[in-house]
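This report describes one protein chain, part by part. Please look at the sequence and the structure before reading on.

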Amino acid sequence: MSERKVLNKYYPPDFDPSKIPKLKLPKDRQYVVRLMAPFNMRCKTCGEYIYKGKKFNARKETVQNEVYLGLPIFRFYIKCTRCLAEITFKTDPENTDYTMEHGATRNFQAEKLLEEEEKRVQKEREDEELNNPMKVLENRTKDSKLEMEVLENLQELKDLNQRQAHVDFEAMLRQHRLSEEERQKQEQEEDERETAALVEEARKRRLLEDSDSEEDAAASTPPQPALRPKPTAILDEAPKAKRKVESWEQSVGTFGSRPQLSGLVVVKKTDLDRETPQGQRTPALGAVNNGKAADPAPRMPGTSSLSQLGVYSDSEDSSGSN
């Protein structure tokens, strides 16, 4: 079996290439190629924008009777992505660009117009220099002045760069960082002071409102009657501490105080008591005057506890004799 991938084919001795029939194709034959939109365009039918770089399956053909320096010019057919309208453009080898032909309008391109304007000015200048030698000298003088200005500007930039070369950028960044921290600290302190002032003002306002409300409540509430003590409140009172009684006080008695047995002593009636009128009654024993026990008999000046004890013994003797 012969080799499939070979470098040389076998030609028989009687091979005649002129006998091979040639395929006759039309000159305006179209080919399907894959391309990208060479510029921004807008469809005239629907107004859809087609941006540069959009891919299309286009048909390519050779333009008849148009050649630039022996280079053929090709035409391309594409369809709008929205309305499927046909758009055509062709190559422009003279300007190394493409030319819009039908179905769309090319969007504004400032760079292309600027280049065309520069080319036009350059062409006009060359035409003037060819016919006017004084114009050539004037243009050379302008060019020399412009070149000197450019060199001066360049030298200034170099000097500026040399001065900046000695600048410590780390120190500058550090200083900027410190200043930024100080500014943030000052802002924080100001915020704290404002917050403290607002809190103090709110506290004062709250105190004023509380005092006003208390005054209003005191004025609105009627005075309450005083509570009377309960009769059994004496039972809840703590017992009072008893004073220690000395031995001589038990036998003789205390000075300047009322004797403890004064309520039990019965005073012997005297003639003075008998002479009192009948309408006036003597106070009974143990009578209470203003919540206090009344004395059974008027105390004579100069009497003491010893004399009262003597009277008490006399009363007992009289009662025993009776």
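## Overall make-up

The model is predicted. The protein has seven helices and 10 strands. Of its 322 residues, 11% count as buried. The protein exposes about 29300 Å², and carbon and sulfur atoms supply 54% of that area.

Among contacts with a separation of 6 or more, 41% are between residues 24 or more positions apart.

## The nonpolar core

The largest nonpolar core contains 16 residues. The members that touch the most others are Leu35, Met41, Ile50, Ile78, Ile87, Phe89 and Met100. Two or more residues come from each of strand E2 (41-43), strand E4 (55-68), strand E5 (71-79) and strand E6 (86-92).

Setting aside neighbours within four places in sequence, Ile78 is in contact with Leu35, Met41, Phe56, Ala58, Ala85, Glu86, Ile87 and Phe89.

## A three-stranded sheet

Three strands make an open, antiparallel sheet in the order E3-E2-E8. Strand E3 (49-50) and strand E8 (104-106) are at the edges with a single partner strand each, so one side of each has no neighbour in the sheet.

E2 and E8 run antiparallel and are joined by three bridges. In one of the pairs, Arg42 has Thr105 in E8 as its bridge partner.

## Salt bridges

Side chains of opposite charge can pair when their charged atoms come close. The structure holds 15 salt bridges. One of them links Arg82 and Glu48, with the closest N and O atoms 3.7 Å apart. Arg82 lies in the loop between E5 and E6, and Glu48 in the loop between E2 and E3, so this pair ties together parts that are 34 residues apart in sequence. Arg82 counts as exposed, at 58% relative accessibility, while Glu48 is partly exposed, at 25%.

Arg183 and Glu180 form a salt bridge with an N to O distance of 2.2 Å. Both residues lie in helix H3 (residues 169-220), three residues apart, which is about one turn of the helix.

## A surface patch

Which residues form a nonpolar patch on the surface? They are Tyr11, Phe15 and Ile20, with about 340 Å² of accessible area together. Phe15 is found in the segment before strand E1 (31-36). Its relative accessible area is 40%, so Phe15 is partly exposed.

Technical notes:
Residues numbered from 1 in each chain as written. Predicted model: local features only at pLDDT ≥ 70, side-chain atom pairs only at ≥ 80, totals over all residues. Heavy atoms only, no water. Patch = residues over 30% accessible without salt bridge, like charges linked within 9 Å, V, L, I, M, F, W, Y side chains within 5 Å. Areas by Shrake-Rupley, 256 points an atom, 1.4 Å probe, with all protein chains shown as cover. Salt bridge = Lys/Arg side-chain N within 4 Å of Asp/Glu carboxyl O. Helix = DSSP H or I, 4+ residues; strand = E, 2+ residues; numbered from the N terminus. Buried < 20%, exposed > 50% of the residue type's maximum accessible area, 1.4 Å probe, protein only. Core = buried A, V, L, I, M, F, W, Y, C linked by side-chain atoms within 4.5 Å. Contact = heavy atoms within 4.5 Å. Pairing = 2+ DSSP bridges.
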